[in-house]
Amino acid sequence: MSDPGLPVKISVKTTIDHDETFELRVFGTYLEKGNAAYLRYEETVEEGSVRTIVKMAQDNALILRGGAIKMRLPFELNRKLNGSYEMPFGQFATMTKARRIDYSYENGKGRFDVLYDFSMEGAQASTYQLEIAFQEEKK
């Protein structure tokens, strides 16, 4: 992707099983290409720097993370999909099943919302809700 995209302010909120919530605010870029849109941002975690790409479309999505944590989480409405989660001490097989995928972008503001079941290495699934709001950063 050579197009640098639009600079955006991003708010990421993850809720696990309706009771544990994590929030992140970062700056990144937004890019539309083909039938999908892409958000790119970087965050710093305990293990180091993590680059994230979120590919958003109407009925599917993909979250790719690279750097200190490597992760591939694919989403498709009502389908179980295999992914992976890799940390310094090992790689784990993951499974996602999206119950809802919502994506919209209008007038410099966007929303991406996915409700999904997630399990790692066959453990009992937890329900995650990922809400990303982003808006064009005016220079």
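Thr14 is buried, with a relative accessible area of 17%; buried means under 20%, exposed over 50% and partly exposed in between, using a 1.4 Å probe and protein chains only. Thr14 is part of strand E1. Strands (E, at least two residues) are DSSP runs numbered from the N terminus. Beyond its neighbours within four places in sequence, Thr14 is in contact with Glu20, Thr21, Phe22, Tyr128, Gln129 and Leu130, where contact means heavy atoms within 4.5 Å.

## Basis of the model

The model is predicted: local features need pLDDT of at least 70, side-chain atom pairs count only at pLDDT 80 or more, and totals for chains, interfaces and linings use all residues. Residues are numbered from 1 along each chain as its sequence is written, and side-chain values use heavy atoms, with hydrogens and water left out.

## The barrel

The 10 strands form a closed barrel in the order E1-E2-E3-E4-E5-E6-E7-E8-E9-E10, with antiparallel pairing. On average, neighbouring strands of this sheet are turned by 25 degrees against each other, direction ignored; the axes are lines fitted to C-alpha atoms, and angles run from 0 to 180 degrees between N-to-C directions. Two strands count as paired if DSSP finds at least two bridges between them.

Strand E1 (residues 6–16) is joined to strand E10 (residues 126–136) by nine bridges, and the two run antiparallel. Within this pairing, Thr15 has Gln129 of E10 as its bridge partner. Strand E9 (residues 109–120) also runs antiparallel to E10, with 10 bridges between them, and Gly110 stands opposite Phe134 in E10. E9 and E10 form a hairpin with five residues between them, and Glu121 in the turn has a positive phi of about 55 degrees.

Strand E6 (residues 70–76) and strand E7 (residues 80–87) are antiparallel and share three bridges; Met71 has Tyr85 in E7 as its bridge partner. Their hairpin has three residues between the strands, and Asn78 takes a positive phi near 55 degrees there. E7 is joined by eight bridges to strand E8 (residues 90–106), again in the antiparallel sense. Asn82 stands opposite Met95 in E8, and the hairpin of E7 and E8 has two residues between the strands.

Ser84 lies in strand E7. Apart from its neighbours within four places in sequence, Ser84 is in contact with Lys70, Met71, Arg72, Gln91, Phe92 and Thr94.

## The largest pocket

The largest pocket holds about 660 Å³ of space, a volume being the space filled by probe spheres set on grid points joined across faces, edges and corners. On a 1 Å grid over the protein atoms alone, a pocket is an open set of points where a 1.4 Å probe fits, with protein on both sides within 12 Å along at least five of seven lines; lining residues have an atom within 4 Å of a point.

The lining has 25 residues, of which Thr14, Phe22, Arg65, Met71 and Tyr128 lie nearest the pocket centre. By class, 19 are nonpolar, two polar and four charged. Ala, Val, Leu, Ile, Met, Phe, Trp, Tyr, Cys and Pro count as nonpolar, Asp, Glu, Lys and Arg as charged, and the others, Gly among them, as polar.

How values were computed. Helices (H or I, at least four residues) and strands (E, at least two) are DSSP runs, numbered from the N terminus.
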